[in-house]
Amino acid sequence: MASVSRSFLLLSIIPTILILCADFACCNTGRKTGDGLDTDFSGFSVPLEHSFEVDDVSRFRMRGALQLRGGRETSVSLSQSQLSEEDRNNLKEVAAVDGLYKIRVPRVSLTDRQTERQMDGYLTAFVRACSLVESHLSDVITLHTDVSGYLIGVSIVTIPGACRGTEVEDEVDLEAFNTTLTIIPPTNAPQPETALFIERMDIEHEKRGKPQEQKSFFAKYWMYIVPLVLFLMMSGAQDQSGVGAANGGGR
Amino acid sequence: MKSSVKMAKLTSLFVILLSFFCISEAVFEDQVGKFDWRQQYVGKTLFAHFESNTQSSKKMFVATDKNIFASFNSRTGDLLWRHVDKTGPEGTIDILLLHGQDALMVVGDGRLLRSWDTNIGGLNWEVVLDTGSFQAACFVAIQDTVKLVAVLKKAAISLHYLSNGHQKWVENLPDSDAVQYQAVYSGGEEEVYVLGVVPNSHLTIIAYSLEDGEIIKQRSVEASWLSSVESSCVVVGQGVLMCVDPATLALYTLPIQAEETPEFSQILLQSLDLEVSPGFQPVLVSSQPHPARSPLSEFFLQLGPDHHVLLQLNADGYTIAPLRDFQPAFLVSFATTGKKTVAAVMTPKNETACAINLFSVDSGRRLLDTTVLFPLEPNGGKPHMLYVHAFLKKDDSVGYRVLVQTQDHALTFIQQPGRVVWTREEALADVVTMEMVDLPLTGTQAELEGEFGKKADGLFPMVLKRLSSQVTLLQAWLAHLWKLFYEARKPRSQVKNEVTIETLSRDEFNLQKMMVMVTASGKLFGIDSKSGSILWKHYLENVQPNAAFKLIVQRTTAHFPHPPQCTLLIKDKDTGLATLHVFNPIFGRKSHIALPALPRPILQSLLLPVIDQDYAKVLLLVDDQYKVTAFPSTKNVLQQLQEMASSIFFYLIRSEHGNLSGFRLRKDLSTERIWEVVLPTEVQKIVAVKGKRPNEHVHSQGRVMGDRSVLYKYLNPNLLAVVTESTDAHPERAFVGVFLVDGVTGRIIHEAVQRKARGPVHFVHSENWVVYEYWNTKSRRNEFSVLELFEGTELYNSTVFSSLDRPHLPQVLQQTYIFPSPITTMEATLTEKGITSRHLLVGLPSGAILSLPKMFLDPRRPEVVTEHSREENLIPYAPEMPIRTEWFINYNQTVARVKGIYTAPSGLESTCLVVAYGLDIYQTRVYPSKQFDVLKDDYDYVLISSVLFALFFATMISKRLAQVKLLNRAWR
């Protein structure tokens, strides 16, 4: 399940831009389930059940087992058997009356093994049976967890998802599921990007060039002030009464 | 919920065009009040007092359950001033006492004592009282002048100076654990008396010296029948405590000031020939006209819901003489002016009115010429309280005005001889939900429309009908012209278009609508959106105080001759049982439609786009056994439902279990559960769920990017935004969760967690975006976050959207901003076709309503400006959201405690009608992209037409000249 963990990493690295769609693309390239089931898992397994009935009354039967592993790198895999002859016919009949194909998984926690038994109830999802048939049992099952690792929802879609009414002739197409399985933890919503903004502002400031150092008034204009003071002092020493008269005249 | 929606064609041109009209303008000075109005309310009156008892006084003061102290002009009913205190128990007004120019108020269960200047409404002083819950308060007089106020708490009594609020003394009450002290009395003597009771054991009377708070005497009186002083005792005459015991049906009297150990003396009601209505708790009403004097020795005893008796305590202090029996009489009240005290009694007169008469208190004689009629409205509440303002006329006779409070919180002020001076509908201070309904067409327009609705009966009658309707139209037009001509001669101020229910008709651009408002008290109002005048009101009795309301427009005005129809779903929160009230939103009249029986609690209601043969949309109600009831449930509807059953999906949310589940309708109107999502309640709890508004239109399917490619929006009409808050309230671990769930398939489209955040969360869900606001616990600030969903550069299925066939998850973009103010509510603007750019209307606690362009909340705002982003007109990212004062759409007309904002489209694409409600109601129009489809007020018609004419003549002349010239040349 390398593809799954890679996408998870991707999500945790770039939380601001969510690329769930790209995520799917890489999931689809994932290998088919059914091989590599004997991988040594320290996780646990929960049943994946399905139900498809002509009268739309749910009667859940075993479809396969989900191998879940919690911890830092949550991963999931699915081992499932082929559909029996009877099931295949049944599914086709359900598809013919536009019935629903439902799946369910029990509510479990991926991190806390103790609470697994305490929680009751199931998470249920459905897809139109006809679309499952027409897609030749290619489905995408997504498990959603919350922040503390509880499974909160499951969803199933088929690719393609439409019901066009095309007949599936070949019985072989309806034997084995071609399932893509992903587990999606919640994404962290971004915080306001203050640091980056301030950095950018600083860069802009630098681009504009360094502002002139604030010299003091005297440092700037000493060449004008000193001669003026000297001139005033000298003229004042020479003729004090003249200055006084000038002032008086000014008033 | 229909799982698919037709998509309109893409026009990207408008996106580019409209992005130029980004910022709305503030109103001009001369536009103030032209398109907007505000109404201020105070809430349900708890205490009301009139200013001094002269005929010319104009002020009255009320304290209300909304923690408001206000003054009205009693001539007009206008608000003179208003003080809005904190909501909740902290600001509760425990008591309001009025003496001269001072209004004394105890606030927040004995937390604060305030004195107000009644002339200008200014605060004289405020003191913080010692802790302890408030019991009673009264004025205390020293040597005939009122100088002090006594405040009785559970375990202490304190005296404060009226002039500055300083505490004269405070004393702990003895044995306050066992004794419940409930009343304080002062009759102008040197002592103040505190009355306490040990229920069903004895009564305790303590006299405190006014001077230093020393206990002068302390008496304990055997009273095994007494459980509460507050509810069953009053002080009458020269300090005689009068109590009524409903068990033995007797009155008990006790002189409070007696020196020796007193005892209650019993007077059986039977001995006075009085009989209490079965099951009724008798009530005593007394009056103390002046705090420096002892109360009147006359008092009222209420023996039944409409039975009162005026009694008099004789001078000996323990015998009682009946003065007058009032039956039937709803309400009684004492009023004093000068030396005279009168009793006002309201008696039913007939179906439509009640009569109020004055009686002399001393003798019980009716005063001549004092009858006032109070009109009872057919759909109004019953009278609840009577406040009388009595005054001496010039000829020394008593005149009066009366304020009647009805059960629907309305205040009516009546003057002799029965003229209603004003009415205030205080129920509007607590609007719960509202809708805006188009007004009907005028009679002539409707007739023209009706022509098409009727069955065809041959060519000739059709032609005749057409001609006749054309003639009526012509007539109406001529009448209109004549009216214009006639009114043009009059000065403008005299021309007034009074809006009445008869003259209501739709204007050219559908800017005037009927606002249907539902209030918490159960009173419905129809308000004209242009003027704000109340056109109809309907009080629903038997509505529980905590009921939840949902207002649904089942049939709009567009289906003439069928009247529009609104349905109000009223759900009792305790039992979950629901009732329906179906009415015509234009006239407020109740429809006589057979309502479905709803014996089981209702969990969910949904309005289907399916219509019955009378063009009413079908309402489905889901009960707690997941059975569905349709309303209306005609054969036609049931047949349609059977056909469509497999494509009708709905969802239920039980937030206490964290459970979201989806159902599909079966043909027999039962349901099957098809999906389930469970959010463990140990981690987070669901606080709010919002879908999209059904009447929302999205004009453009995508956004044109800088490189001319199109980014398509993910427009799922079934998308739900679910907001959760963590149960862990620790600032480091608290979070807010935002889930986007498809309501049909239960698929979690997106799940985002905002860390270190907590509510209250306000959010708007519209088009392809969700905007939410929360409190950041780490940085201690409010933040806005925006989520936008895009399908990508290619559409999966461009013609139809179906939740069942959309396998790829959308791209989600998110950005967060700092907002410099807390907010109280949020809504998005809405326009007819969705071409106009969107604004967010944000209600701030200051009462301002901010119109924030959605452009600022765009997750594609680039951090680094590029060529492409400039091409797209994206504003570079800045972490802080600005608040510009010109964005306040209500300039200085603040809306106190804004609770909700309602937006409705008008007939003009540029214009969105906005109503903000809370304590006040404010209506205005906003133009998010400016008025691009309206000519300005000062548009120069003369210039443009003269230029046109000039050009036209110039062409004519030059053409002629050219012809002449050509002719001349040809001759040459």
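Which residue in β10(B) is the bridge partner of Leu113(B)? Select Leu113(B) and look across: the partner is Val127(B).

Before moving on, some housekeeping. This is a predicted model, where local features need pLDDT of at least 70 and side-chain atom pairs count only at pLDDT 80 or more, while totals for chains, interfaces and linings use all residues. Residues are numbered from 1 along each chain as its sequence is written, chains are lettered from A and ligands numbered from 1 in the order in which they are written, and side-chain values use heavy atoms, with hydrogens and water left out.

**Stop 1**

Strands here are DSSP runs (E, at least two residues) and helices are H or I runs of at least four, numbered from the N terminus. Strands pair if DSSP finds at least two bridges between them. β9(B) pairs with β10(B), residues 123–128, in the antiparallel sense over 5 bridges. On β8(B), residues 102–107, β9(B) has another antiparallel partner, with 6 bridges; Met105(B) and Arg114(B) are bridge partners there.

Now click on the turns. The hairpin of β8(B) and β9(B) has 4 residues between the strands, and Gly108(B) takes a positive phi near 70 degrees. Between β9(B) and β10(B) there are 5 residues, and here Gly121(B) has a positive phi near 80 degrees.

**Stop 1: where the chains meet**

Colour by chain and show the interface. Contact, meaning heavy atoms within 4.5 Å, takes in 47 residues from chain A and 54 residues from chain B. The two chains bury about 4,200 Å² between them, 57% of it on carbon and sulfur atoms; that is the accessible area (1.4 Å probe) lost on being put together, summed over both.

Next, pick Glu672(B) and Lys102(A). Their side chains meet in a salt bridge at 3.3 Å, N to O. The rule (a side-chain nitrogen of Lys or Arg within 4 Å of a carboxyl oxygen of Asp or Glu) finds 1 across this interface.

Then select β10(A): 2 bridges join it to β53(B), residues 748–755, and the two run parallel. One pair to click is Asn188(A) with Val753(B).

**Stop 3**

Select Thr158(A) in strand β8 of chain A. Thr158(A) is buried, at 2% relative accessible area. Beyond neighbours within four places in sequence, its contacts include Val127(A), Ser138(A), Asp139(A) and, from the other chain, Pro807(B).

Move along to Pro160(A), in the loop between β8 and β9 (178–184) of chain A. A cis peptide bond joins Ile159(A) to Pro160(A), with omega about -5 degrees. The backbone oxygen of Pro160(A) lies 3.1 Å from a polar atom of the Thr158(A) side chain.

**Stop 4**

Most residues other than glycine have a negative phi, and most peptide bonds are trans. Go to Gly759(B) and Pro760(B), joined by a cis peptide bond with omega about 5 degrees; Pro760(B) sits in strand β54 of chain B.

Finish at Tyr615(B), a non-glycine with a positive phi near 65 degrees. Tyr615(B) is partly exposed, at 39% relative accessibility.

Definitions and conventions:
Buried < 20%, exposed > 50% of the residue type's maximum accessible area, 1.4 Å probe, protein only. Polar contact = N/O pair within 3.5 Å; in protein donor to acceptor, adjacent residues only side chain to side chain.
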